[in-house]
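Visitor: I have a structure here that is new to me. Can you walk me through it?

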Amino acid sequence: MIYATLKPQVDAYHENMATFDAEINSFNEELTGIVAQGNKVKAKLAELNKQSINTTDAVDSMNALLRDSGFQGFSIRPKEGVTNVYEVVRHNGQVAENLSEGERNFISFLYFYQLVHGSQKDDGTREDKIVVIDDPVSSMDSGALFIVSALVRGMVDICRNNGSLNRQNSISQDNYIKQIFILTHNTYFHNEVTSNMTRYWDSVSFFLISKVDNNSHVKLYYREETDLQGKSKAYNVDPVQNGYHALWAELRDLSKLQNVSSVSVTHVIHQILDHYFIQMCCYDGNSIRDKILVENKHKFQIVDADGNDAVDERYYLIQSMLSYLAATKNTIVDGHFIDEAMDAQTCLRAFKEIFEIMEQDQHYAMMMGNE
């Protein structure tokens, strides 16, 4: 009875399964044909690449970079009768001799640069690479150093495409440089290559290599901070800093000391205020005083113990700091307006308040490591 009732459904199920199996087999055969066709296209493309690949583009690129860098006395050409070998020649066609160390280093780097971006395969396809660059700017002048820095930075952009969280803003869409290691003791080259790279903590790291007692030590530079949700996050720290960043680093160190002299603190504070507000933001010392001490004087109003209106001591402390800026506009002042009796922590709080009133508190937080 049950068999007779369910037989139509069972028969329909078997028929559907047979239909589905036939369709799957048909799709598999179609897929096999597509894969075979794709392999034929790849083989044809490889054959065409073999016919079109040449060294002319590499030579033209290196010669263009030589001209842009100011090297006018020689050029590069393929060596006749030898595949993938170049020679350096003068304008009269003779092989160049007695090149300087800087010239030899620059030509070597250009050749290395072409190898990184080019292909050593007959079909012209690129292989994934790990690139190691060890101080490529030795004995180079500023023009050649700038060119090398720009080329290295381009290779870093390609490498970052492998790990960057946001590839829409990338300069290059390639990603065949899987890792790149750059070693240098030239601070100018370091700054040119690493400018604004500290923010790419997801794909860029900074290391300091030192040698003590004939043993090398490698230190990763980073800092860990906890956000409002209690999660720890790592941030890059560049071990090579300019003078302005070094001042902030010194101020951070001083702020952690228990018995630090207010003279030491205010000496650093004066230099930071002068560099940031006067030199970088182009404020006038008197205009800063007016904005803080006149327009915002109400922020320092307090009521003293006798119930009278008074001005908080922070007002006079900030007044002293800003008087230094106004005094140093056209003259050199060696004296400080803060004596040693003033509490260093009070000076630091007043310093912070200057940035808050000038609506530069984000810069203060960033430089003090509080962002």
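Visitor: Start with a detail. Is Asp-312 buried or exposed?
Guide: Asp-312 is buried, with a relative accessible area of 17%. Buried means under 20% relative accessible area, exposed means over 50%, and partly exposed is in between, using a 1.4 Å probe and protein chains only.

Visitor: Where do these values come from?
Guide: This is a predicted model, in which local features need pLDDT of at least 70 and side-chain atom pairs count only at pLDDT 80 or more, while totals for chains, interfaces and linings use all residues. Residues are numbered from 1 along each chain as its sequence is written, and side-chain values use heavy atoms, with hydrogens and water left out.

Visitor: Back to Asp-312, then. Which side chain meets Asp-312 in a salt bridge?
Guide: That of Arg-314, at 3.1 Å from N to O. A salt bridge here is a side-chain nitrogen of Lys or Arg within 4 Å of a carboxyl oxygen of Asp or Glu. Arg-314 also has a salt bridge with Glu-353, at 2.7 Å.

Visitor: What does the pair of Arg-314 and Glu-353 tie together?
Guide: Arg-314 is in helix 9 and Glu-353 in helix 10 (residues 344–357), so the pair ties together parts that are 39 residues apart in sequence. Helices (H or I, at least four residues) and strands (E, at least two) are DSSP runs, numbered from the N terminus.

Visitor: Are those two buried or partly exposed?
Guide: Glu-353 is buried, at 13% relative accessible area. Arg-314 counts as partly exposed, at 22%.

Visitor: How many salt bridges are there by that rule?
Guide: The count comes to four. One of them joins Glu-87 and Arg-77, with the closest N and O atoms 2.8 Å apart. Glu-87 sits in strand 2 (residues 86–89) and Arg-77 in strand 1 (residues 75–78), so this pair ties together parts that are ten residues apart in sequence. Glu-87 is buried at 15%, whereas Arg-77 is partly exposed at 34%.

Visitor: Now the whole thing. How many helices and strands does the protein have?
Guide: Eleven helices and nine strands. Of its 371 residues, 32% are buried.

Visitor: Which residues touch the most other members of the largest nonpolar core?
Guide: Phe-106, Val-152, Met-155 and Ile-177, out of 37 residues in that core. A nonpolar core is a set of buried Ala, Val, Leu, Ile, Met, Phe, Trp, Tyr and Cys residues joined through side-chain atoms within 4.5 Å.

Visitor: Which element gives the largest share of this core?
Guide: Helix 4, with ten residues. The elements giving two or more residues also include helix 3 (101–117) and strand 4 (177–183).

Visitor: What is Ile-177 in contact with?
Guide: Leaving aside neighbours within four places in sequence, the contacts of Ile-177 include Val-116, Val-131, Met-155 and Ile-158. Contact means heavy atoms within 4.5 Å. There is also a second, separate core of 35 residues, which includes Tyr-244, Trp-248, Leu-251 and Leu-325.

Visitor: What about the surface?
Guide: The accessible surface of the protein is about 23,800 Å², and 50% of that belongs to carbon and sulfur atoms. Accessible areas come from the Shrake-Rupley method with a 1.4 Å probe, and for residues only the protein chains shown count as cover.

Visitor: Which residues form the nonpolar patch on the surface?
Guide: Among them are Ile-130, Phe-181, Phe-207 and Tyr-222, and the patch has about 860 Å² of accessible area together. Patches are made of residues with over 30% relative accessible area and no salt bridge, with like charges joined within 9 Å and nonpolar side chains (Val, Leu, Ile, Met, Phe, Trp, Tyr) within 5 Å. Strand 6 supplies the largest share of the patch, three residues. Phe-207 is in strand 5 and is partly exposed, at 48%.

Visitor: One more helix. Which residues of helix 8 are buried?
Guide: Gly-285, Ile-288, Ile-292 and Leu-293, in a helix that runs over residues 285–294. Seen down the axis of helix 8, these buried residues fall within an arc of 100 degrees, so they line one face of the helix. The arc is that of the directions from the helix axis to the C-beta atoms.
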